[in-house]
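User: I would like to go through this model, beginning with the ligand site. Could you take me through it?

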Amino acid sequence: MASMTEIELNPLAEPLGRIRTFVDEQLDRYTQLPSDCPARLAEAMRYGLLAPGKRLRPSLVILAAEAVGGAAQAALPAACAVEMIHAYSLIHDDLPAMDDDDLRRGRPTCHKAFDEATAILAGDGLLTLAFDVLAREVQPAAVAAQCCAELAAAAGACGMVGGQGDDLDCQFTAGTVETLEHIHRRKTGAMIRVSVRLGALVAGATDQQMAALETYGASIGLAFQIIDDLLDEAGDEQAMGKRVGKDRGRGKLTFPSLLGAEESSRRATALVAAACDAIAAADLADEHLAALARYVLERNH
Ligand code: GRG
């Protein structure tokens, strides 16, 4: 729960605290799985999913829905679905075959707390559960189908999974800013962008509202990754809840390694300004969405 000082200093603290509780309670309900699911697998899924992350993507789903006059309750299944996909991607990303990390969200990674095979299955289980939730719980059925298709495209081989593949491939090679942007618009950006789109879809946004929210989501998605790269260089390991300094150590292509910290930071600031301008121009000057965009820039974890 946010303290009073936090609320006074940060107008985002209260809405995000409200959304986090709302989303976490529902994630908990969705992962009370029947006894056909092995108990250890269910435990690993819940371990990865319910760990204390920022819940940025589900917050975007709900705030986008509210920005166009929708109800948080109607956006909740989509909010939980995107967090399930995100949690699966983190569990798999931490595996020895990928980033080989032992700390995530301030705790041992899933394969460290359980074992590799269980972590792979926990990711698979969460990925599948996300579509189960969307298909069954979003109303009406036509919107549920559209949400499934959009989330599959964003998370799949031409979205997050494809971006991850390219990122692994170009780890030790020289690259251009264009290549890096192309990777991160898919690897990180696609899930952020689709979070905003799903919120807008379930709330029945107009085409004009959707276009503005699309620009907002795409812009903060890329800004988020630039800041992630900067935090990997200079962030605090305890605040981040994961190892930092890995990218440079591995000779990885990042925004600061290509552009320097100052120019990277300038680009992230410009992207967040573009995100705020887009929603203001469509009369969606939603203070929470604008505050969330600024938070992406100012976050320390
Ligand atoms: C393994 C299919 C597959 C995909 C992995 C998302 C991803 C693709 C990898 C994660 C590696 C990483 C650190 C990416 C940078 C941006 C990012 C997604 C950071 C983690 O997201 P946060 O900061 O995490 O929102 P929390 O824990 O707060 O939810």
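**Ligand site and core**

Analyst: The ligand is surrounded by 20 residues, each with a heavy atom within 4 Å of it; the closest are Lys54, Arg57, His86, Asp93 and Arg105. This is a predicted model, in which local features need pLDDT of at least 70, side-chain atom pairs count only at pLDDT 80 or more, and totals for chains, interfaces and linings use all residues. Residues are numbered from 1 along each chain as its sequence is written, and side-chain values use heavy atoms, with hydrogens and water left out.

User: How far is the side chain of Arg105 from an oxygen atom of the ligand?

Analyst: An N or O atom of the Arg105 side chain is 2.8 Å from a ligand oxygen. For His86, a polar side-chain atom also lies 2.8 Å from an oxygen atom of the ligand.

User: Which helix gives the most to the shell?

Analyst: Helix α5 does, with six residues; helices here are DSSP runs of H or I with at least four residues, numbered from the N terminus.

User: Changing topic, how many residues has the largest nonpolar core?

Analyst: It has 95 residues; such a core joins buried Ala, Val, Leu, Ile, Met, Phe, Trp, Tyr and Cys residues through side-chain atoms within 4.5 Å, buried being under 20% relative accessible area with a 1.4 Å probe, protein chains only. Helix α5 (residues 72–93) gives the most to this core, with 13 residues.

User: And is Asp101 buried or exposed?

Analyst: Asp101 counts as buried, because its relative accessibility is 2%. Asp101 lies in the loop between α5 and β1 (103–104), β1 being a strand, a DSSP run of E with at least two residues.

Note on methods. Buried means under 20% relative accessible area, exposed over 50%, partly exposed in between (1.4 Å probe, protein chains only). A polar contact is a pair of N or O atoms within 3.5 Å; within protein, one must be able to donate a hydrogen and the other to accept it, and residues adjacent in sequence count only if both atoms are side-chain atoms.
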